[in-house]
Structure formats: C-alpha cells, structure tokens
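Biologist: Please show me the model, and let us then go through the surroundings of its ligands.

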Amino acid sequence: MKVLFATSEAHPLAKTGGLADVSGALPAALQEIGVDARVLMPAYPSALEKAQNLSRVFRIRLPEHGEASLLRGMFPGNGVPVYLIEHKSYFEREGLYQDETGRDWPDNAMRFGLLSQFAAWLAGPKSPLDFRPDVLHCNDWQIGLAPAYLHFEGAKPTPTVFTVHNLAYQGIFPPEDLKKLGLPPESFSIDGMEYYGKLSFLKAGLYYANHLTTVSPTYAGEIQTEAFGMGMQGLLATRGKDLTGILNGIDMREWNPAADPHLAAPYSADNLAGKALNKRALQDELGLQPDAKAPLLGMVSRLTQQKGSDVVIEAMPQLLKLGAQFAVLGSGEAKLENAWRDLAAAHPGRIALKIGYNEGLGHRIEAGADIFLMPSRFEPCGLNQMYSQRYGTPPVVHKVGGLADTVSHASLASLASGMATGFVLDRLDAASLVDAVNRAMVLYRHKHAWQKLMRNGMTRDFGWTKSAHQYLGVYKKICRA
Ligand code: ADP
Ligand code: GLC
C-alpha cells in the first residue's frame with residue numbers, strides 16, 4: 001500500500017496545533033506496519049530548515065500560480081519521506097495561515113489551492129514521480145480541493161480519504177476564486193463545493209472524497225448533529241456510511257517523561273520522584289510561589305472559544321479560593337489573551353501566564369503541573385489530555401469528542417478497578433468546573449489514591465499502532481471499491 005499524506009503542517013517541520021502532531025506521527029506509524037506513506041506539504045522556512053537530505057525533484061511554471069518546485073527530503077528522527085512544495089511568494093513567510101496580528105493571509109485560497117492541486121496531480125496518473133500512490137490522504141480544508149481536482153480529471157481517479165481534524169475551520173472564499181483555481185463552474189453547486197453562495201474548501205473535501213474520517217468516534221457522531229455540525233451536519237449525515245471515527249494516538253517517544261530533553265528531571269510510573277522536581281522547576285521558571293503543596297493547574301492551548309478557557313476565567317475567583325496555582329501557555333484571540341493578562345497581573349505568584357508558542361514549555365507544564373485543565377466546548381480529539389495522562393497529570397475535561405473517548409472519570413468504581421485517569425464534566429459551566437476541580441483536589445490530598453490515578457494514566461497505551469491499522473483498513477476498503 002502506497003499513500004500520499006497531504007497536510008498543511010507536520011511536526012517538527014511546521015506546527016500550529018494538533019494537526020502537526022498527527023501529520024508528524026501517523027505516517028511513521030503507517031510505515032511501521034508496512035505502508036509506504038509519504039508526506040506532502042509546503043516548504044515553509046522552518047520546513048526547509050529542519051527537513052533532511054533535501055534535493056530538488058523538478059521545477060514548473062503554472063499559469064495560475066507562477067513558478068513552483070518540488071523538493072524531496074525526510075523528516076528528522078523517523079526518516080519518513082517528505083515532498084515540499086517551494087513557492088516564493090506563497091510559502092516563504094513566517095505564519096502558516098495568518099500574519100502576526102492574527103489576520104488570515106489574503107491569498108490563502110491560492111496558497112492552499114496550489115497545495116491541493118499538487119496533491120491531486122502527484123497522486124494521479126499524470127504525476128512525474130516514480131512514486132504512484134494507491135490512496136491520497138487529505139487533511140482538513142487546506143487539502144479539501146484535492147478530491148475535487150481528481151474528480152474533475154475524469155477517468156478512474158486515485159481514491160481519496162479526507163480527514164476532518166476540526167470542522168470549525170472551513171476555508172471559505174469568494175466564488176470568483178473558483179476560476180483562478182482552475183475548477184469547472186459545475187463544481188459550484190449545492191452538490192459540490194458551494195456553501196451559502198461562497199466557495200468552501202472543506203465542503204469540497206467532504207463532498208468529493210471517497211471516504212471521510214475524523215479523529216475520534218464520539219466526534220464522528222457529534223458532527224452529524226446540529227449542535228456540533230457547524231452547518232455541515234446535513235452533508236455529513238448523508239455521507240454517514242462513508243464516515244469513520246479513528247482516534248488519534250500520540251508519539252510515545254516524543255512524549256515520554258522518562259526521556260524528555262525539555263524536562264528538569266526524568267520520571268516514570270515506577271519512579272515518580274522526579275515529578276516534584278519538575279513542579280518546583282516550573283514554579284521557578286514562571287515565577288510562581290515555590291509551594292510544593294499548592295495544587296498546580298496547567299493549561300496549554302490555542303486561546304479560542306473552542307478551548308473553553310473563558311470558563312476557567314469565569315471560575316477563577318472560586319478556583320483561587322481552593323488554593324490552586326496556575327501555569328497557562330497559549331496564544332490566540334486578543335480578547336482572551338487580554339483577559340488572561342489581567343488575571344495574571346492581579347495575582348502574581350499564583351497565576352503565571354506565557355502568551356506565545358513554546359514547544360519546550362508545553363512539555364514542562366505537562367510535567368510540572370499536578371492537574372491539567374482542558375474544558376473544551378468541542379474537541380475533535382485533543383492531544384494534550386493524552387500527553388497529560390502520560391505525564392502523570394490527571395486532566396479535567398468536558399465530555400465531548402475525543403476527550404470523552406480518552407479520559408476515564410474518577411468515580412468510586414473506576415478508582416477501585418484501576419480504570420480512572422481524570423475528571424470528566426458532563427456539562428460545561430463555571431459551577432461544574434469548580435466542582436470537578438474541587439473533587440480533584442480532595443483526591444490530590446490523598447497521596448496513595450492520587451498516585452494510583454497518576455499511574456493509571458501513565459501506563460495507558462496511547463500509541464498509534466491500533467489507529468494506523470484502522471487507517472490501513474480504510475485505505476484497503478476504498479481501493480477495493
Ligand atoms: P488543537 O489542535 O485543537 O490546538 P490538540 O490538543 O490536538 O489541540 O493539539 C495541540 C497541540 O499544540 C499540542 O501538541 C499542544 O501541546 C500544542 N500547543 C498548543 N498551543 C501551544 C503553545 N502556545 N505552545 C506550545 N505548544 C502548544
Ligand atoms: C484539531 C482539533 C484537535 C485534534 C487535532 C489533531 O486541531 O482541534 O482536537 O486533536 O486537530 O487531529
């Protein structure tokens with residue numbers, strides 16, 4: 001089985017969120033079960049810097065896009081082959097999707113149109129490469145046009161899988177862009193990529209791909225309902241029989257507290273001693289009071305409506321009364337960033353905030369915190385709640401999407417049976433959050449019970465193998481069809 005895995009970001013070449021973690025790890029997991037999986041993505045400056053053994057495959061001039069070229073190289077670490085699309089004016093800039101003020105780049109339709117076009121071309125019969133994929137695996141709206149390009153190319157197109165990592169990002173553009181992107185007028189229809197008078201890259205993927213997947217079984221069900229479907233629930237329900245929820249895994253080597261170069265001290269389920277050293281180091285790094293007993297609550301996330309940090313802000317007066325400290329790392333919407341800045345300024349030593357993106361600090365918060373907060377309004381899968389379990393930092397989560405599928409609530413029964421790994425809110429509001437954090441803190445004060453909870457999460461297998469086999473099953477199915 002040969003698969004071209006097309007994505008707009010992949011760790012460690014370029015990352016804004018979980019899509020990069022998945023794109024960096026799943027192709028390697030597929031390789032391990034015998035799939036020849038190769039990644040296609042843009043040659044951002046960071047990708048050019050970090051990819052290894054780069055060489056140019058060809059150069060081409062396209063009427064709509066000008067000059068582009070294709071480079072070939074590999075991922076550092078796991079050696080997965082990667083193709084990078086080099087295009088001076090599209091990809092040689094900082095900021096994957098937005099400028100530094102948070103505004104989407106005005107030429108995103110053309111940038112990701114080119115990426116989609118390359119994906120379709122390199123997966124199809126006219127590809128100049130000697131690598132002939134059996135399947136094109138497209139991820140999120142940025143690759144949404146690829147199944148459409150293949151569809152309109154006619155004659156037995158290469159089968160496509162389209163994976164939804166987040167339905168909230170839809171790639172909506174003015175209809176005039178259709179022509180610039182070289183797509184036929186008939187594609188602009190309700191049975192196609194038209195969405196309320198606009199062009200939607202996401203809808204193109206959802207409509208034209210042979211099979212759809214999303215990143216957790218619960219989210220696969222949720223997105224067929226009005227509450228979570230973001231306007232796509234009708235189409236998704238129609239395609240329900242072609243839609244599979246496959247849970248994300250985590251890179252168990254990259255996220256391993258026993259061998260994590262970012263940490264102050266290693267630790268493991270068998271030897272928890274180093275965890276306290278990481279807590280103290282984090283308190284020092286962030287200017288928190290060096291109090292070993294104060295429960296330290298960690299958050300690492302994009303600061304958007306999705307992640308529910310506004311509910312944490314609302315609950316903050318009560319949470320502080322419980323004696324908690326906070327270590328918060330994130331960036332995103334200005335309103336949320338400012339609300340967090342105000343809180344941190346009002347409570348020095350108790351609330352530490354870092355606005356920005358910092359991979360190492362993300363690891364240190366997972367390791368140094370006692371409890372991880374992730375009360376998302378919706379969460380397709382979520383990776384941080386898995387990282388935190390692996391790092392012995394039980395998460396408090398809202399029962400949605402992948403959070404519901406990966407965290408086992410600490411009830412009396414689940415604690416007794418050794419299944420419990422965290423705390424799950426049935427509903428998301430400040431009172432429920434305070435209640436859950438309070439319960440977590442009560443258990444935290446019972447050292448033995450708490451260490452049991454930590455170990456339950458730390459010894460769970462969140463690896464990719466099972467999910468890689470499920471993807472292979474989907475690939476085989478669409479190749480047969
Ligand atoms: P999403 O993809 O919706 O942002 P996930 O939980 O799937 O959520 O993945 C988020 C990834 O991005 C994790 O690897 C997380 O550690 C990382 N991350 C998010 N924000 C930051 C940040 N400000 N600094 C460092 N890492 C971050
Ligand atoms: C998206 C989702 C997140 C998921 C990630 C990787 O960014 O918001 O829940 O874990 O994609 O699939």
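Biologist: Which strand supplies the largest share of the shell around ligand 1?

Modeller: This is a predicted model, in which local features need pLDDT of at least 70, side-chain atom pairs count only at pLDDT 80 or more, and totals for chains, interfaces and linings use all residues. Residues are numbered from 1 along each chain as its sequence is written, chains are lettered from A and ligands numbered from 1 in the order in which they are written, and side-chain values use heavy atoms, with hydrogens and water left out. Helices (H or I, at least four residues) and strands (E, at least two) are DSSP runs, numbered from the N terminus; H1, E13, E14 and helix H14 (384–390) each supply at least two residues of the shell around ligand 1. The largest share, three residues, comes from E13.

Biologist: Which side chain places a polar atom 2.8 Å from an oxygen atom of ligand 1?

Modeller: A residue is near a molecule if one of its heavy atoms lies within 4 Å of it, and of the 21 residues around ligand 1, Gly-18, Asp-21, Arg-302, Lys-307 and Gly-356 come nearest. A polar contact is a pair of N or O atoms within 3.5 Å; a polar backbone atom of Gly-18 lies 2.7 Å from a ligand 1 oxygen, and a polar side-chain atom of Asp-21 is 2.7 Å from an oxygen of ligand 1. The side chain with the 2.8 Å distance is that of Lys-307.

Biologist: What percentage of the accessible area of ligand 2 does the protein cover?

Modeller: Ligand 2 has 14 residues around it, of which His-165, Asn-248, Glu-379, Cys-381 and Gly-382 come nearest. One of its oxygen atoms is 2.9 Å from an N or O atom in the Asn-248 side chain, and an oxygen of ligand 2 is 2.5 Å from an N or O atom in the Glu-379 side chain. Accessible areas come from the Shrake-Rupley method with a 1.4 Å probe; of the 310 Å² that ligand 2 has on its own, the protein covers 93%.

Biologist: Is Gly-362 buried or exposed?

Modeller: Gly-362 belongs to helix H13 (residues 359–368). Leaving aside residues up to four places away in sequence, Gly-362 touches Val-300 and Leu-329, where contact means heavy atoms within 4.5 Å. Buried means under 20% relative accessible area, exposed over 50%, and partly exposed in between (1.4 Å probe, protein chains only). With a relative accessibility of 7%, Gly-362 is therefore buried.

Biologist: What is the relative accessible area of Glu-337?

Modeller: Glu-337 is found in helix H12 (residues 334–346). Beyond residues up to four places away in sequence, Glu-337 touches Leu-303, Ser-331, Gly-332 and Ile-355. Glu-337 counts as buried, and its relative accessible area is 13%.

Biologist: Which residue takes a positive phi just after H10?

Modeller: Helix H10 (residues 273–286) has buried residues, among them Gly-274, Lys-275 and Leu-286. The elements covering the buried residues of H10 include strand E15 (351–355) and helix H17 (430–444). Just after H10, a positive phi of about 75° is taken by Gly-287.

Definitions and conventions. A polar contact is a pair of N or O atoms within 3.5 Å; within protein, one must be able to donate a hydrogen and the other to accept it, and residues adjacent in sequence count only if both atoms are side-chain atoms.
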